[in-house]
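Hi everyone, thanks for coming.

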Amino acid sequence: MPVWLKVATAVVTVVVVGGLAFAGYWYFRLQSNISKAPLTAGDGNSNPVSDANDRMQILILGSDTRDGKNSEYGAADLSSGYGQSDVMMLMDISADNKRVNVISFPRDLLVDIPQCKDQKTNQVYPARSGVMINEAMAQAGIGCAVDTVNKLTGLEVDHFMMADFNAVKELSNTVGGVEVCISDAVYDPDSRLRLPKGTSAVQGEMALAFLRTRHAFADGGDLGRIKAQQGFLSSLTRKIKDEGTLSDPGKMLRIADTVTQNLTVDEGLASVPSLLTIGNRLKNIDISKVAFVAVPTTPAVQDPNRLEIAEPAGAQLFSALRKDVDLTDPTAPTTPSPSDTATPAPTATPTETVPPAPPYDKALQPVTVANGTGVPGRAQEIIQALVSGGFTQTGRLEAQPVAQSVVYYGSEFADVAADVAALLGIPAAQMLPAPAVVGVQVYLGTDFTSGATYGAAALPGDIVNQTAGDAVCQQANPELIVAG
């Protein structure tokens with residue numbers, strides 16, 4: 001063998017072995033960093049998805065735990081049990097990797113928490129009503145927060161990621177700071193946030209203070225805090241995209257090392273390949289299609305210092321999410337999954353004659369509307385549509401919530417039911433005979449919470465606070481504005 005070939009072979013061998021050793025080192029380092037916990041506090045996800053190809057929901061949590069590196073932010077007894085969720089966001093990635101929705105839940109939001117079982121101790125905690133959503137994981141663990149969001153939205157969370165205070169500081173330092181904007185100079189003594197008017201690059205303690213402050217923005221409430229958090233994440237997204245971080249292995253390794261040291265995930269996500277798969281899905285998304293949304297809320301009736309879901313806007317948002325609507329463009333067609341695609345009915349040929357529908361007087365047909373949507377007053381909206389369509393003999397009643405809307409019909413009312421279903425856009429497959437029903441009954445489910453046409457997206461016009469492509473300046477709380 002010529003000398004030059006021996007030398008070249010040795011060099012290649014050293015490079016390959018060195019590369020494998022380097023890759024092996026980082027794989028085991030990142031893998032050993034990851035902490036994990038059960039996905040749910042119940043029976044688990046009944047429909048696991050492919051991390052690479054399916055639509056995916058990831059619940060992102062910020063823990064307020066004060067132990068370890070976070071002890072300087074207060075006494076440990078301030079975060080009982082597993083701690084509370086200082087931040088709660090649901091990241092929804094479309095199957096085609098072209099859209100991401102990030103939905104924020106205010107921590108003061110009052111919700112119903114289902115029965116939850118601590119998977120470590122097997123202790124069962126009873127269901128509770130009217131509880132702040134940030135308490136969901138305090139007793140039974142992160143899985144109870146997942147179950148609570150599932151119950152609230154009608155979705156099924158596939159994974160979760162939970163980080164603590166230290167993660168924000170270290171990540172902001174790793175990327176070299178994140179630009180934020182504020183309308184006036186502010187100082188919040190509680191969070192120790194101090195920023196001048198205009199744009200600043202925050203990192204470390206100041207980045208954490210920006211995300212934690214409850215008083216510095218808007219009217220000093222949780223909704224102003226949410227918008228500031230969304231603005232921070234938008235800016236972070238733009239920086240990572242603009243600097244090509246997701247395509248730079250060196251930068252990605254540094255970020256991955258920082259994040260995994262401060263991250264707890266579910267068992268299904270607790271591997272380096274799974275995390276890399278999700279990161280790879282996000283790298284080419286148009287930042288104008290990364291939508292930041294806050295769950296619509298209103299002051300709670302039982303406590304004006306707390307929040308509750310504002311209806312019908314909340315039900316409209318959750319319905320749109322279940323239907324995979326593009327929140328930045330609700331009129332855009334959705335891409336049905338294979339299970340949603342039905343075989344079309346055969347169409348008539350020119351030689352066929354279609355028999356006319358049996359004649360009847362619409363005004364004489366009894367049609368009732370059962371409201372199983374959970375949205376007060378929803379039946380009246382559908383009754384108005386029925387009356388406009390000629391069905392004037394109507395009635396309404398409240399009913400138990402159901403997932404799917406159905407048109408029930410009594411004996412000899414199949415033709416009337418078909419016309420009622422067609423008027424409302426309810427598929428024929430969702431018509432069922434019911435001998436006990438007098439006439440026709442439209443039983444509204446949580447899949448039909450708004451509008452007069454089934455399947456149509458109806459959303460408040462201002463549901464998207466901003467996209468990752470928008471640079472938004474936060475409004476300072478007038479009570480905390482300082483000179484300079």
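Let's start with Arg107, which sits in the loop between strand S4 (100-104) and strand S5 (110-113). Before I go on: this is a predicted model, where local features need pLDDT of at least 70, side-chain atom pairs count only at pLDDT 80 or more, and totals for chains, interfaces and linings use all residues. Residues are numbered from 1 along each chain as its sequence is written, and side-chain values use heavy atoms, with hydrogens and water left out. Helices (H or I, at least four residues) and strands (E, at least two) are DSSP runs, numbered from the N terminus.

So, is Arg107 buried or exposed? Arg107 is buried, because its relative accessible area is 14%; buried means under 20%, exposed over 50%, and partly exposed in between, with a 1.4 Å probe and protein chains only. Leaving aside neighbours within four places in sequence, Arg107 has contacts (heavy atoms within 4.5 Å) with residues including Asp86, Asp222 and Arg225.

Next, where does Pro359 sit? You'll find Pro359 in the loop between helix H8 (313-322) and strand S18 (367-371). Pro359 counts as exposed because its relative accessibility is 80%. Now look across to Asp415: Pro359 and Asp415 are 56 residues apart in sequence, but their C-alpha atoms are 9.4 Å apart in space.

That's my tour: Arg107 is buried, and Pro359 is exposed.
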